[in-house]
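This report treats a helix pair and a domain pair in turn. The sequence and coordinates are shown first.

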Amino acid sequence: MDLGTINPILLVASLMVSATPILLAAIGEMVVEKSGVLNLGVEGMMITGAVVGFAVAVNTGSPGLGFAAAALASALLSLSFGVLTQFLLSNQVATGLGLTLVGLGLSSLIGKPYEGMKSPTLPDLPLPLLADMPVIGPMLFQHDLMVYLSIALVAAVWAGLKFTRAGLILRAVGESHDAAHALGYKVVRIRLMAIFFGGACSGLGGAYLSLVRVPQWTEGMTAGAGWIALAIVVFASWKPWRVLIGAYLFGGVTVLQLNLQAAGTRLPVEYLSMSPYLITILVLVIISARGYHGAPASLGRPFHASH
Amino acid sequence: MNRRTLLASAALALGLAGTAMAQDDTTKVGFIYVGPVGDGGWTYEHEQGRLAVEEHFGDKVETVFQESVPEGADSERAMTQMALSGADIIFTTSFGYMDPTINVAKKFPDVKFEHATGYKRADNVSTYSARFYEGRAIQGLIAGHMTETNKIGYIASFPIPEVIRGINSAYLHAKEVNPDVEFSIVWAYTWFDPAKEADAANALIEQGADVILQHTDSTAPQAAAEKAGNVITFGQASDMGDYAPMPRVSSIIDNWAPYYIDRVQAVMDGTWESKDTWDGIGPGMVGIGEITDAVPEEVKAEALAMKDAIAAGEYHPFTGPINKQDGTPWLAEGEVADDGTLAGMDFYVEGLTGEIPN
Amino acid sequence: MIHLVKRPQPSRVWTAVTPLLAVVLTMIVGGIMFAALGKPPLEAIRTIFWDPLFHPQFAAYSRPQLLVKAGPLILIAIGLSIGFRAGIWNIGAEGQYIMGAITGAAVGLAFYPLDSFIVFPLMVIAGALGGWAWGMIPALLKVKFGTNEILVSLMLVYVAEAWLASVSSGLLKNPEGRGFPGSRNFQQYDAGANTEVIAGTGMHWGVVAAFVAVIFAYVLLTRHIRGFHIRLTGEAPRAARFAGVNPGRVVIFCLGLSGALAGMAGLFEVSGPAGQITIDFNSGYGFTAIIVAFLGRLHPVGILLAGLLMALTYIGGELAQLMLGLPGASIQLFQGMLLFFLLATDVFTNYRLQFGQGETA
């Protein structure tokens, strides 16, 4: 085994790329859950974003338009979940699973003509000055635009939840919808907006897969990334920066295990391929053993104004 | 007798009722696919074969297919329903369909079954597979010549004989032209997960590999290599010609069409017999995609010469002397591997590092 | 304005009507989709809902297959529903299903080729224990450390999949399998085979177990104090604690039970319809069962019907692919629609529409 062949700078750089789709979807889902709604349809929204983003980018030649269309399409799809759970008071877990089915089916119907095509992809965008720094530069500042945007989004969500009135209202709705309603907030409307935002983020994550990370369209290409994103939100105890840590940790272990294999380590491959999941569990156990749980109190409960 | 016989006879009665209804002029040809037809790799190429059958026979055939059929109970049902619907011949295109194919074939003695990549046959069950390792030999040769870092990355799917055979074949021929060459093998434990394949390719490239071979189906490794620059790849299952001339410098193409047409014709003529087919480059079941100009002329010539020698049956990629990984002799000087050992290959050849996971 | 007003009691009429309404709506919208895909809509609908049951050519075969397909879904969903009622979110039934299949098969293969009636029952017990043990991991972590069971049970699915790939090409590999991955086939080992109880009906031991589980769950939830505790824990956790319910024990009971049932489902599948352990032996029953559980409104009888309905759309969908060349994806979309409409119309069971300005008491 020659671990010397693993270059830590490149490792960090590629884990950031590898984690970005999960990060985008997870930060959106975190906002949804903060509002007290559990949307298990992330996988379905991601793959819809992947196919729509790809199709639009191919037809217009612009990856930027692709991302925008992906966000919009997934957000619209998520509204079907919103209408069902918020107006028709359907069960959120089941509706989310239905959304996944719909997304998977819809995407492969839309995607048929785009199989095997190549699309324009995002160029790397080294940040001036920062990118030239030794070690840190190639690690953190020579990525494409979406990597920076995803981190900016985490920061924005953190600041938004913590410092703005909108964030306060969102959290209030998630903690106790009855109290928020009594205070005169439009619970349903706020939740719909959160769901819309979550859908848009999932769409961006999916489009990042099909336009940058892979880049191509193939049926079922998200291959469970949406589920990992859901798990990351729980892992993060509904805290934005921990979502970032969780996504990078998961992406990091995934990339690292492949690097260890490539370096010819003696560790059995089956344990290496389990490692991202086992390590996520382990870290979560350590966090929870310290006694902190941050689930919004109203998470997953239906709200009806005339209780 | 036992419960099983009773079951079989009940099913038999059922089956006869089904096939009796399919007495018409057109031959009905069924296909069971393990993935979606748009996977761009394994299933996609079988689908191309089906389309070729339709094109070739026109009105004389009717084809049906079912995609994304999980192995096990679901596949047995899919085959049974296909047989009940009056199919005359059914191609089951995944190794995991082996026992279900045999089971269903027992119930429908008048329907012909063709199982890809398996080894169990019956009076109405043939098996067929392709000698992809012949193509791997050519890839290995090109890879050995082309690598400058002497490090070749290999993205493997599952530790099954088919994949191990490919690794051994590629390694032997890379080693022959470049004794310093080393293989890094990453087991992705998936046939198809674009994101993971991209990660695996990046990990290999970052560690100095400048040639990536893949035994997974998506084009993600091609894209990763293109982005990295200066890395060459080979198309897998389908040509992946979008990535030519660089990084994709050649490819192995599964070409099932000639075989499918041949077998359907045999059913029409009433000459169909159960047999085992394991074809390679010669009969055209394994195609070698165009070798691009990124490959130096003399290397290309050498590769094509090997291709011709293999096609003509003059050269076998597993010709001794070859030792197993632990140094024990496997093939003596000039000895050629027998098909039985190749079919169940579960060992690396000498020089490869690492262990086969199990 | 239209208002929803909560009914004091769920409406019995609507409980019966909504599934039918949802199916009709799905037929209409699905028919439009099929027409858009250039397929005959009426024929497609008939193929999905009618042909598996009554088609002269297929029905004799596909009717029993409904039970084969529904059996594991019902068995797993029953276990899950009990946990869901208590607010315990085991979404890793797929992993428990895999581990049950592995441990059960391992026991059976250890006895090979012993021909004794004891082999199969031991396999069932081992399968249940395997699933139970896998379910115990999130249960114990939750009780001991308060770790969230959603994440742990989901992550363990992927771990179980890695195990499955590993044992099928290693530990449990068929020694006579010419180096190919996959275990011996239980269909060729009588003592370890899960056979049909009544030949030709599809009624194998796993289906029997599913029916038993339905009855058991019904009794547990309506007649037994433990069932009351479970419901209370889900509906009013604080009240449950005052009533002396130990929340930890509820967690252990629910995750253990759903794990054991999922494990049994895995064992019945591997020793029966599937026949052998292979690299990708699991086909998503554990996830689909979550849908079935909710489709059945977490009620044992509802789950029984939901499982059968789900199986019908699977088998009908396969027939539609076969006969009309419908793409597999459109069937998935169709199932998603059905689920959406069922959930959407469900609102009328618990609420009634009121027009004009309603009181908001």
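This is a predicted model: local features need pLDDT of at least 70, side-chain atom pairs count only at pLDDT 80 or more; totals for chains, interfaces and linings use all residues.

Residues are numbered from 1 along each chain as its sequence is written, chains are lettered from A and ligands numbered from 1 in the order in which they are written, and side-chain values use heavy atoms, leaving out hydrogens and water.

**Helix pair in chain A**

Helix α11 (residues 240-262) of chain A and helix α12 (residues 269-289) of chain A have axes that come within 9 Å and cross at roughly 155 degrees. α11(A) is therefore roughly antiparallel to α12(A) (angles over 145 degrees count as such). The crossing of α11(A) with α12(A) is right-handed.

**Domain pair in chain B**

An automatic or database assignment sets the domain bounds. Buried area is the accessible area (1.4 Å probe) that two parts lose on being put together, summed over both.

| Item | Value |
|---|---|
| Bounds in chain B | domain 1 (3-130); domain 2 (132-254 + 286-343) |
| Separation of the C-alpha centres of domain 1 and domain 2 of chain B | 32 Å |
| Area buried between domain 1 and domain 2 of chain B | about 710 Å² |

Carbon and sulfur atoms give 54% of that buried area. Trp42(B), Glu45(B) and Ala130(B) supply 64% of the area that domain 1 of chain B buries against domain 2 of chain B, more than any other three residues. Seven residues of domain 1 of chain B are in contact with eight residues of domain 2 of chain B.

Definitions and conventions:
Axes are lines fitted to C-alpha atoms, for helices over the stretch in contact, and angles run from 0 to 180 degrees between N-to-C directions. Helices (H or I, at least four residues) and strands (E, at least two) are DSSP runs, numbered from the N terminus. Angles under 35 degrees count as roughly parallel, over 145 as roughly antiparallel, 65 to 115 as roughly perpendicular and the rest as oblique. A crossing is left-handed if the near helix is turned anticlockwise from the far one by less than a right angle, and right-handed if clockwise. Contact means heavy atoms within 4.5 Å.
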